[in-house]
Amino acid sequence: MVSIEEYGEFETAWCPGCGNFSIIKSLKQALAEQDLAPHDIIISSGIGQAAKLPHYIRCNMFNGLHGRSLPVAQGIKMANPEMPVIVTSGDGCSYGEGGNHFLAAIRRNMDLTVLVHDNQIYGLTKGQASPTSARGHVTKAQPEGNRSDGFNPVATTVAMRASFVARAFSGEPEHLVATIKEAMAHKGFSLVDILQPCVSFNKVNTFAWYKERTYILEDHDPTDWAAAMTLSEEFDDRIPLGVIYREDKPVFGHGGRLAEHGYDKNDLKAVLQSYT
Amino acid sequence: MPEKSINIVIGGAAGQGLVTIGQLLSKAITRAGHHLLVTQRYMSRVRGGHNTYAIRMGEEDLLGGTESIDILAALNAETLEKHLDEVGEGGLVVAGADLDTEGLNALRIPYKELSPKPLFYNTAMLGVLGRAVNIDLSILEELLKQTFGKKGDEVVEANLEVLRKAYAWVSDQDHDFFCDFKSNDSKGRMMLNGNEAIGLGALAAGCNFVSFYPMTPSTGVAMTLIAKGAPLGLQYEQVEDEIAAMNMAIGASYAGARALVTTSGGGFALMEEAVSLAGVSETPLVCVVVQRPGPATGLPTRTEQADLNLVLYSGHGELPRAIFAPATPEDCFYLTHRAFDLAETYQTPIFILSEQYLADSYRDVEPFNLDDLPEVAGPLLEWKEGEYKRYAVTDDGISPRLIPGFSEALVRADSHTHEENSKISEDKTVRVAQNSKRLRKESGLFEEVIGPDYYGTDNPDALLVCWGPTLGACLEAMDRYDGDKSLAVLHFKQVYPLREEQFLDYLEDADRVIDVEGNATAQFAQLIARETGFMMPDRILRYDGRAMTWEYVLKGLSDIL
């Protein structure tokens, strides 16, 4: 049995009280509980405070560019379909800079687990509005309040009939561990939008703000698309946590591990022959 | 020099089938044992407009296109309007009887007599052209059987009947055109264009991954890989944008694929961010850039050599790279194969810089020799020597590249400045050690540079310097030049890095050095000046979107010399 200690403990660049601490601990626990060793998985991340996560956990990693964690992850999956691939990045990276990749990845439906650390603010660049900041949210960059509507990742992914859509909260670690495990067990594109406070730069959506509003779903049928759609709009006084939508659909096909793949010379000769 | 060559130009609107006729005739010419070189000029539209498919056919190897027309095959009246004045003395016009060819040396095809319906008019044109250039009927018949075989016997028979009628009809016509080329000895040659040859070179190197966003004129590379490679296990994906294409290929390469991306200038501009990522994460990648004229949308379906600087300086920060510029389909094949070996050995992006003219230019080619290709380097799957450090500092700058998932060693790739064990670091010593390590790989790339090829007399009065597919026009111009100066040609198929000891003597030994390029700012001449201090003020530059021809070079020479 793999122990959580095998994933290591590292000094981090996160602020004391950051929701990332709970998320990384929950991820390690979810991995250990699935008996996955550090060399069994790959984490792909972008740039941002959340995207530093793979530096604080022992495992294979590709820490690439801001917004580009999904294309890298999908390339990894195509080259090695046997390996669980986890994507971990923030709301700016996933929904802003990487927005087009996010939509395409949902449609492509590779077997990936996407953990979005959603604190509704840009932390690493010190407090500008993020795609999920609500309209009117005041920051130094938006002194008159955010002039755009906040992006609703859950509603968007449900509308697109993404294969697995869940919401969790860093302040509910047990639920978070269970949700990550469920997302990883699901075959296909799995999103877990994880609400977390940014203690340094988000003075609106604080730990208490989330704590007051979030509740864990009990009687929701995630295979009911219309119910999921209605539920996905709920993000004000009450915010539901849990699996919002799930649909088994064709997973992006793939071959074997490309590192072991080669061509037979006679096959190549036949290819050349087809040009004569 | 191709003393015996003719230039067949098929013209018409997009959607009329001129490319189909052109490709079939090209293949028939190849199978008949003649040499050929195709120049395609087309507009950025699916229907209408005016396109041409020019086949230069000869007894000897052909290196470039030509402007004078010997056979003008017109699928519409516009073709006659636009190109009649390019038809040389004794040239032949082939057109439907409904077009006005009064007073011309013409074959006026009675389509309605030869074909039961318009669907087969192009087959009639093929039969007429095939007969006009003396291709055996059996070769054309075999070709149609292969082309239409999938559509069933009825379709094949209907086409064969029209072909035979059209072929026989020409024999009864009174026209003044004669073409009887000796066939060369080496039959069994391939007919393929630059994009296809790049795709085949990649497959021969074991390329098993391509991600791309369609962009003319580069798409053919991915189409070739999918058509020929996917049945053999190659993985492919058409992605949402070029940013995704490049990042996906990097992810695949990290996880053990042999990956390629293909695009043109605008798409490559989007890939640049990830060029930098490939450099710092030390991920092997072959990037094909098939140039078309910019800026921005520019001339989407035409040719130019104006993205040398874009590729040379692509990516933020400093990273090692090599850039190949093939002149021919053979170059496309062998240089792409080599690019994969260099990419894997030096764990950095390697570029193939082609252009529309070569991408679409079919040639007859001696079948590529798979048996004599050098082994392509590969990564490690196992690690047994203690702690694995992805970015270990070494003398040659090359760290062992392990693929994740095949051992218990962890493979950690990173885009920051990092320590040997991939940990983020802002320490200045680490920064210098890692940056220097990466740039030391340039020494290895430098050692492996393919030097330029020199053609012609020593110590010439004028030396033409060129790169990429401009070679053919320069060589033919040198051969056809009848002035009193001696000429030579220096051609670069690798444009970066440059090793001056491989070519500086040639430049200094010539009385005059003339730079010949398909761009407006002499980018390669400027690169040579940057690298060697040698200046080339005399220039023949073409940037009208058309390929360099020997006629264009000769005209430039007459202005300079």
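Reader: Where is B:Pro497 found in chain B?
Author: In this predicted model, B:Pro497 sits in the loop of chain B that runs between β19 (494-496) and α16 (504-509).

Reader: Into which domains is chain B divided?
Author: The division gives domain 1 (5-171), domain 2 (192-365) and domain 3 (453-560). The C-alpha centres of domain 1 of chain B and domain 3 of chain B lie 35 Å apart, and six residues of domain 1 of chain B are in contact with nine residues of domain 3 of chain B.

Reader: What classes of residue are on the domain 1 side of chain B that touches domain 3?
Author: On that side, domain 1 of chain B has one nonpolar, four polar and one charged residues.

Reader: Now helices: at what angle do α4 and α6 of chain B cross?
Author: The axes of α4 (residues 121-132) and α6 (residues 153-171) of chain B cross at roughly 40° and come within 8 Å. An angle of that kind makes α4(B) oblique to α6(B), because an angle counts as roughly parallel when it is under 35 degrees and as roughly perpendicular from 65 to 115. The crossing of α4(B) and α6(B) is right-handed.

Reader: Which residues make that contact between α4(B) and α6(B)?
Author: From α4(B) they include B:Thr123, B:Leu126, B:Val128 and B:Arg131, and from α6(B) they include B:Asn159, B:Leu163, B:Tyr167 and B:Val170. By class, the contact of α4(B) with α6(B) has nine nonpolar, five polar and one charged residues.

Reader: How far apart are the axes of α7(B) and α12 of chain B?
Author: The axes of α7(B) and α12 (residues 329-346) of chain B are 7 Å apart, and the two helices pack at an angle of about 35°. Among the residues in the contact are B:Ala197, B:Ile198 and B:Leu200 of α7(B), together with B:Phe333, B:Tyr334 and B:Phe340 of α12(B). The residues of this contact of α7(B) with α12(B) divide into 10 nonpolar, four polar and no charged.

Reader: Let's switch to the other chain; how many helices and strands has chain A?
Author: Chain A has nine helices and eight strands. Its radius of gyration is 20 Å, close to the 19 Å that the globule rule gives for 276 residues, so chain A is as compact as a globular protein of that length. The C-alpha trace of chain A spans about 70 × 40 × 40 Å along its principal axes.

Reader: At what angle do α2 and α4 of chain A pack?
Author: Helix α2 (residues 69-79) and helix α4 (residues 99-108) of chain A pack at an angle of about 30°, with their axes 9 Å apart, and that makes α2(A) roughly parallel to α4(A). The contact is made by A:Leu70, A:Pro71 and A:Gln74 of α2(A) and by A:His101, A:Phe102, A:Ala105 and A:Arg108 of α4(A).

Reader: Last one: how many residues of chain B are in contact with chain A, and which element gives the most?
Author: In chain B, 52 residues are in contact with 43 residues of chain A. Helix α9(B) gives the most to the side of chain B that touches chain A, with nine residues. By class, that side of chain B has 31 nonpolar, 11 polar and 10 charged residues.

Conventions. Residues numbered from 1 in each chain as written. Chains lettered and ligands numbered in written order. Predicted model: local features only at pLDDT ≥ 70, side-chain atom pairs only at ≥ 80, totals over all residues. Domains from an automatic or database assignment. Contact = placed C-beta atoms within 7 Å. Nonpolar A, V, L, I, M, F, W, Y, C, P; charged D, E, K, R; others polar. Axes fitted to C-alpha atoms, helices over the stretch in contact; angles between N-to-C directions. Helix = DSSP H or I, 4+ residues; strand = E, 2+ residues; numbered from the N terminus. Parallel < 35°, antiparallel > 145°, perpendicular 65-115°, else oblique. Left-handed = near helix turned anticlockwise from the far one by under 90°. Rg over C-alpha atoms; globule rule 2.2 N^0.38 Å.
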